[in-house]
Each structure stands twice: as structure tokens, then as C-alpha cells.
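Please look over the following points with the structure open beside you. They are set out by element and residue, with the conventions given along the way.

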Amino acid sequence: MVSSRWTRAAVLGIAYWLTAVLGLQWAVVNGAGSPVWPAAGVGLAGLLLGGIRLWPAILIARLAAAITTGSDQALGVELAIGLVNAGSLVLTAMFLTRWTPIDCRLTAIRDVVRFAGAVAAGSTVSAIVGTGAVILGNDVARDAMLQVGIGWWLGNTGGALLVAPIILSWSYPTAAHMGTGRWLGLGGLLAATAIISNEIFLDPRIFLRTWYVYPALIWVAVAYQVRGSSIAMLFVGTAAIASGTLGTGTFATITESRMEHILLAQQFTIITSIAVLILAAAADERRGLEALRHREARESSIVETAVDPIVVTNERGTVVFCNPAAERSFGYGPAEILQKDVSLLMAVPDDAGHDQSFDLSGLLQDTEAAMRGCHVEGRRKDGTIFPLDLSVTRWGSGQNQFFTCMMRDQTERVRAETAVRSSERRLAVAIAASCGAVYEQTVPSSDDIYIGQELLDMFGYVTLPVPPEQIDLWVLEQIHPDDRAHLGTVRQAFMEGDNPRFEAEVRMRHADGRWLWVRSFAQAIERDRDGHVTRLSGMVIDITDRKLTESRVEHLAHHDSLTGIANRTSFMEHLAKAARYADIGASQAGLILIDLDYFKTVNDTHGHPAGDALLLVVTERLTGSIRSGDTVARLGGDEFAVVVPNAHSRDAVHDLADRLRNALVQPTMIGGVEIEVSASLGFAMYTGKGETVEDLMRHADLALYEAKAKGRSRVQGFCSKLEEVASHRIRTETALRRAIRNGELALYYQPQFNFQTGRIDCVEALVRWSRDGKLIGPSEFIPVAEGSSLIRTLGAWVMREACRQQAEWRSQGVQVNIAVNVSASEAGAEDFIAHLDRTLAEFAVPSDTIELEITEGFLMDPESKPVQSFLTACRARGVRLAIDDFGMGYSSLSYLARLPISKIKIDRSFVMQIDQPGEALIEAIVTLGRRLGKRVVAEGVETKAQMDFLRYLGCDDAQGFLLCRPGVASDITPLLPVSSVDNSLRAIR
């Protein structure tokens, strides 16, 4: 639609003039009558769309058309006809816009009927007055008045029905919004309609019935409503009127009269137009109803699923609808709310049984307030009062007024606001307790500034050191140079509005010159139109102590708390860095693992303070022996490591490890006591050729294990053989665990013969492993067990089996002691004695019939707590103790006399030296044992010469293959009551 009235009038006038010329050219009665008057449709549509005030354009266009066609009627007659045409269209338009308004898109049956009725009424006025004017002008005979009037009415009505719907339905912006497929479909249907109309009305060779065109018209009406059917009807009506003029088509078969032919065509056009428009409107209404149902279903779904309560009441306040959210919020069922007064849901002041009604209409007196909503209090079924936001809208008409109440439970909001206020109070207290100081200033700074005295005190000033206008520049000068760039970036983002608040941690100079760490906050109070800060308020907190604490924590996170050197975390970082450097081919990396020998003995003997002091000495010696780029780390306890980046060769790392070992072996004085230190070292190399840091750690650990296995206080480098040994050890350990579970182990017993009596006083329990029919020697699996926690499991099994056998022998009257080997790790375990007590009690075995054989290594420091605890417990229980493999260790002879040891066993390596210079050692041991009152047992006696020599020296007992090989209990039992040395010797001979 065009905005200017004059433009609209011009457009209407031109369109009316063109169609009026067309109608006048088609006239059949002195140029005053036409079978169809399309100008009526153009004029009516123009007045409905552009306004009734455009009617002069119709009058002028009608006169112009008469002049254009050369009408021979008097000017007064033409003027009268123009006034009649314009006036009848004005009446029709007023009827359709003011008296019975319609939707000009003609999408409802009611609107089509009103439109058709108004057109018929207007055409009637036009026909009566127009025919009278023509007759008064003596242009038509009086006896033809009825025929001219009917023709006038039919032509005017037909033109309005054919043309106006097209203009009205296509004049709205959404009318042309169709897809390509629908446009093609409409074009096809219109083409089909035109072809059929031509065949029915214009082809003189074919005579078809008029109803043949109805299927096409119905299809267009249903599919495209008024927009498509009005165009189709234009094709059909034009063809029908033309057939009357030409005397062809289906109507020619009914009458030969030209006038009757035209009348039939006009009647057909009018009736069919109305029918098609009604059908199209019905289809449109159906589509509208379906859309309405979909919309109602969608809106209902929205209401039903809404999380906020929605309640609808009538004007009396009675609830007529509530959604599930309202039921949940208020705790009522539908039957308890519906048809009840809405005050049931409201906390009404001075409530007394809901006597007061909640005045919803009062909220609507102020339309703005109703739309904005208000805060009220709701009441749940259980009487709980809670805050609500309520918005009310009125809808309906006449006496059917309804209120839709949109509610929102504000319990959480109120709770949050309360929490915020409480938080603000706590914040105020926290600010006071945080030793913070506040300030406020303009930007740029001016004399309108506030700086609290606390802030001046923080930096050691009594008053501002500079004028207020210079405070910004002065503060920047007090910032540490390293922090200025960061502070400038953060401050600029805040000042320009990129960040809502300012926060930074920087160092600032105190009045005495030292640096303080401060945390500065600022919030904009005022900003200009561009978002730049013009006034701000802030707070400064002294966080120097916190920063120092963080620095210490950071240091502790990467350094050992005792020694101050790198801890395991830092060690792994340095090791990974050295490996990355080696990966690029720059050099090799080396790793040395260090384990102090017998450090636990130092702790147990001299106490943990002495142990800590020793660790500090070790740290000092290690750090003093490495290169500048190397890293010493304490991995935990007495374990140290040295990362050697840029290692030139394996020999260089080996030399460094030797240097470290030599530095550690020097004695040191701790607490007035000289303590000797030694360490085992294992090292490995990282070349970056398919290795990982984990491989390097494992290799160095294997080397350290080998160094400790070879006697400690030595350096061992990694080689591939160690990995093979380690793999074999792991396989053996796994198989041994399985053997203990599956009963593959057995105890063999080897007798100890008394030289004086010839009797067997004791048998040694020796564990043997039978695997797949093959007997595995103890030398293959005992070291593996001792190198892991498995030795304790194995030892517990041996102890239990020995006690079981002792109980069986005792039940048979056999009196013999059983000696059980106990490793140092077993004897030092806190639960060893408890397990021994349970085993003895389980089999009712006297404790003095069990003899425990321990090695010299366990007794190297007899004053240590584990050794003292073990010896004391054994003495209290009467358990006999023997030193196994005597002479192989470093026992202190001064302690030997005081220990509750009942037996000394000479190692087989000394027995094998009889008839050699080493036999003097055997004599010394036997003499020592006799002097100390200890029984002496010789192990590994395999020849008669060895036995004779031992008897000569006065050795108490002998044990070896010469006398009896180890055997299972069933093989040894027959020897126990009668066996003697003489009998054995005779058996040997």
C-alpha cells in the first residue's frame, strides 16, 4: 500500500479508467451497459484498501473513460452515471468497513457472504439510479428499462465479484509467500482452468457442460483459497461473458437469443463466483481452525510444563484454571483450588478464615503496575508463607472478564538476598580483620580524594608525600619495576571498561625502602558515556607475610625439608630435563642412586636426631663432590640420587660415583660418637636411543641392588646382564609364591651329632623346593626370598611346619630339638615374636625345643632396639639361639659374651680348610666357644680327617654329609633314638 493519499488516488484513478474503458468498449446498449463492469471491482477494492476518501478519483476516471471512448451521451448523463458509480461503491465500502466490518482477505465464510451481499446491494443502487439517469437522458426507451436495469446490476455485480477478490487477497505482504512448488502448482491449475473454460465457452466445435470446469475450480479453491480461486474465476467468468457476446459455447445450445445468452453467462458468473469464494473461505477457515488447534495445543503444553505457577480467575476472584506448577508450589490438588477464591493462595492481612477476597482488579487500575507486577506473599496448604512475584493481565469481553495470574516463587531469591546481606556484613568484618585500607579518588586524580589513615600507616607515612593531583604518578613510581608492565595492562583494561573491577598483586616501596607485597582491589563508582572510569573506590591489603609463606611452601614443594636439597618431585623434573637434552643428541645423561649402608642401625642405636645429623653430613659431602650442573636429591629416608646431565661417557659417571663413595666412607663425629658411613651406589646411562626415563630409573635401581648384593660399600654400573638377573629373580619370586600356596615346599632335616654321647641332640630344618619333579637347591631361591618381603612368608611357613613336626615327634616319644634358620628381616620384624608364640601354642610345643639360628649380620649392632627386643623376648621364652655361619661376619667379641647365645656354628668354609693354614681359625673358634660357655657345632663335615680333627679340638657337635645327609622326617625318624657317632662311622666304613 502506498503512503501518500494523492499517489493512492492516482493509482486508483488510472486502474479504474483502464477497466472502465474496457467495460465501455464491451457495452451492448448505446455504450451505457456492459455485460461485465470490472471497474466496479477495481473501485471497491481501492476504497476498501485506500480509504473512502479516494472516491473522487473514481468519478474523474469514469468521466475520463467516457471521453476516451467517444461517448455520445450528454455530459450531464455521464456525470450522473459517474456519481452513481462512485456513490454505490462508497455505500458498499462503508457497509463493509463500518457497519458490518470484514477481513478484506476474505478468509472466512461470514466475510464472503457479507461481501457478496454488500456488492449486490450496492449494485442494486447503482442499477436503479443509473438506469433512471439513462432513461431521463432519452438514451434508452422506457419499455427497455427493466432489461437495462437487470443487465446493469448483473454487469456491476459480476465485475465486482470477479476483480475485487483478486486485488484484496493479493494486496497483503504475506500473500505471495509461497514456495516454488506451490507457484508451479498454481500455474498449472490456472492453465488447466483456462483451457477448460476455452473449450466450454469459446470453441464452436465442442459443446461441453459448464460443470466440467467445477473440479478445477474446487481444486484451486481448496489448495490456494481466495488468492488462487479468484484468478481462476476471472478466467472462467471472462470466457463465459465472451461466449455470450460471440454466441458460442454451451449457452448457445440453450437459447438462440443473444440477450438471453448474455444473461445466462452473467448469472453463471455471479453464482459460480460466490460459490467458489465461499468454498475457498471454508477451506481457509478449516486451515485456520487446524492452526488454532495447534496453537492452543502448543500454548497448553507451555502452560502445563511451565515451572512457574499460573492461575486464571474470573472477575469475582474464583479460580477457574491452575497449572501443575501452581499445584506443586501451593501444595493443593486441582479439586482443592478450582472454584475456590484466589485468596486461598494468598497471605491476606488480618486473615480470618479467608473472609477477605484478594482484589485482582485493583492491580489493573494502574496498567503499568499490572504489567510490571508486584511483590506479594503466598500461602501454602501447610500454612507456610512465602514471597511471590505476581503479574496480572485482564482478558475477555463484556461480562466475561478473566485474570491470568503469572506467579514466581521468590523463596530462593529472598534467601539469596539474605545471604548476600549476611555476606556483606561478614565482608565488612573481614576487611577490618584483614588489615586492609580503603581509598577513593577521581580519575584523573584531584583534590577530591580520600585515603584512610590505615593506608598511610601501611607504607610508613604520616601524611600524603605528594599533592593529591600527583598521587597517580607517585604511586606508579613506588611500584616495583618488574611489576609495572603487568599493573599497567590490568589498570588500562579496568579504566577503559573492558574489566568490571581491578585486582592486582604487586610490590610497592615502603617509606623505609623495603618492598611490601600488596593486593589492590578497585571498583568503578562512576563511568562516562564511553565506559571509562571517572571515579573509583578501592582497598589495599598487605600480603607480604602470605607471599613469604607461599615462597616457603613453593620451596618445600621442590626441596627436602631436612637437607634443603631437591626432593623427589624436583629430582624427576631435573631427570626429565636431562633426558630431553639427551634426546636431541647433545650428550648422554647419567643417574646415580645412593643407598646408605646400615643407616637403620644408626637410627636404632643412636636415635633419630643422630640419624638426621648424619643425613646432613652425607648431603654436604655429596653436594661438595659433584659438578656445577649436577643435581643431588634426597628421594626419602637414606636414599639419595645424583642427576648427571651432559655426561661425556660411562667412565666419567663411574668416576663420579667412585668419588662420591670415597667422600662418604670418611668417619664423622656426631654427638661425641664416631660413626663410620658407607654407601652402595648404582648408576646407569641414558642415551636417548629408544629409552625412557622409567627405563633409566629401573636400570640404576638394578645396579644399586647388585651393589648391595655383592657386599655393599661399592659402585655398580648397569649392564644388560643385570636385567636378565632381575628378570630371573622376578620369575623365581613369582614361582616361589605359587609354590608356597600349592604345597611344593618340604622340610628336610639334617642331624647334629654330639661328639661325647654319639646321640642326635638337634636337627636343622632345611627347606627344599620340588618343582616339576626336580629338586631346586636353596641357593637358588633363598637369596631371592631374602631380597623381598617373601622371606617372611617363607619363614612363617618353615616355622609352622617345624613346630608341627616337633609335635608329631614328641607324640612318638622322640626327644630332639629342631633348629630353624631366621633371617635378619624376620628377626627384626615387630610381629615375629607374636607369630612364634601363636605357632608354639597351636601345636603345644615347648619353646625350649625350638632353636633359632641367626646370622652375624643381624648382631652387628647388638645395642639397636630391634636386636635388643628380639634377644630379650627369646631369653624370656627360653628359646635357644645359635649364631649361624660364625666367622663370616664382623661380630664384636666383646658383645658375644653378653648375648644369650647357646651355640656357635662354624661355617663350612672353615671346615674345608682343615689340613691347611686356615685350620688355626677353627681352633680359635672352638677355644673361644669353650671359654664363653657356648656349644660349638661344625657344619659341612665331609671327611673322616675333618671329623677326627674336630674331635681332637674338643668341638661339641658335628653336622655334614659324612654323618647324615638331609632327609624328610620319615627318613630321619628311625635314626633319632639309636644313632651314635660310632655307629655312623661303622656305617661309613
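1. Buried here means under 20% relative accessible area, exposed means over 50%, and partly exposed lies in between (1.4 Å probe, protein chains only). Helices (H or I, at least four residues) and strands (E, at least two) are DSSP runs, numbered from the N terminus. The helix covers residues 790-811, and its 22 residues should span 32 Å at 1.5 Å a residue, which agrees with the 32 Å between its end C-alpha atoms. The expected span is 1.5 Å times one less than the number of residues. After α25 comes Gly813, with a positive phi near 85°.

2. A word on conventions. The model is predicted, so local features need pLDDT of at least 70 and side-chain atom pairs count only at pLDDT 80 or more, while totals for chains, interfaces and linings use all residues. Residues are numbered from 1 along each chain as its sequence is written, and side-chain values use heavy atoms, with hydrogens and water left out.

3. For the overall picture, the protein has 989 residues, of which 46% count as buried. Its secondary structure comprises 34 helices and 26 strands. Among contacts (heavy atoms within 4.5 Å) with a separation of 6 or more, 62% are between residues 24 or more positions apart. The accessible surface is about 49,400 Å², and carbon and sulfur atoms hold 56% of that; areas come from the Shrake-Rupley method with a 1.4 Å probe, and for residues only the protein chains shown count as cover.

4. Helix α21 (residues 650-664) has 15 residues and reaches 21 Å from its first C-alpha to its last, close to the expected 21 Å. Its buried residues are Val653, Leu656, Ala657, Leu660, Ala663 and Leu664. Viewed down the axis of α21, they fall within an arc of 125°, so they line one face of the helix. That arc is taken from the directions from the helix axis to the C-beta atoms. What do the buried residues of α21 pack against? Their partners are β11 (588-596), α20 (608-623), β13 (639-647), β16 (679-686) and β17 (715-717).

5. Strand β13 has nine residues, seven of them buried, so the strand is largely enclosed by the rest of the structure. β13 runs antiparallel to β11, joined to it by seven bridges, and Gly590 stands opposite Val644 in β13. Two strands count as paired if DSSP finds at least two bridges between them.

6. β13 also runs antiparallel to β12, with five bridges joining the two. Val632 has Val642 in β13 as its bridge partner, and Arg634 stands opposite Phe640 in β13. β12 (residues 631-636) has five of its six residues buried, so β12 too is largely enclosed by the rest of the structure. The hairpin of β12 and β13 has two residues between the strands, and Gly637 there takes a positive phi near 60°.

7. Thr687 lies in the loop between β16 and α22 (693-709). Is Thr687 buried or partly exposed? Thr687 counts as partly exposed, because its relative accessibility is 30%. Leaving aside neighbours within four places in sequence, Thr687 is in contact with Ala582 and Gln588. Thr687 and Gln588 are 99 residues apart in sequence, yet 5.0 Å apart in space, C-alpha to C-alpha.

8. Asn323 sits in the loop between β2 (319-322) and α10 (324-330). Its relative accessibility is 0%, so Asn323 counts as buried. The side chain of Asn323 reaches the backbone nitrogen of Ile310 at 2.9 Å. Beyond neighbours within four places in sequence, Asn323 is in contact with Val303, Ala306, Asp308, Pro309 and Ile310.

9. Ser126 has its place in helix α5 (residues 109-136). Ser126 is buried, with a relative accessible area of 0%. Not counting residues up to four places away in sequence, Ser126 touches Val84, Asn85, Ser88, Thr131, Trp152 and Asn156.

Conventions. Polar contact = N/O pair within 3.5 Å; in protein donor to acceptor, adjacent residues only side chain to side chain.
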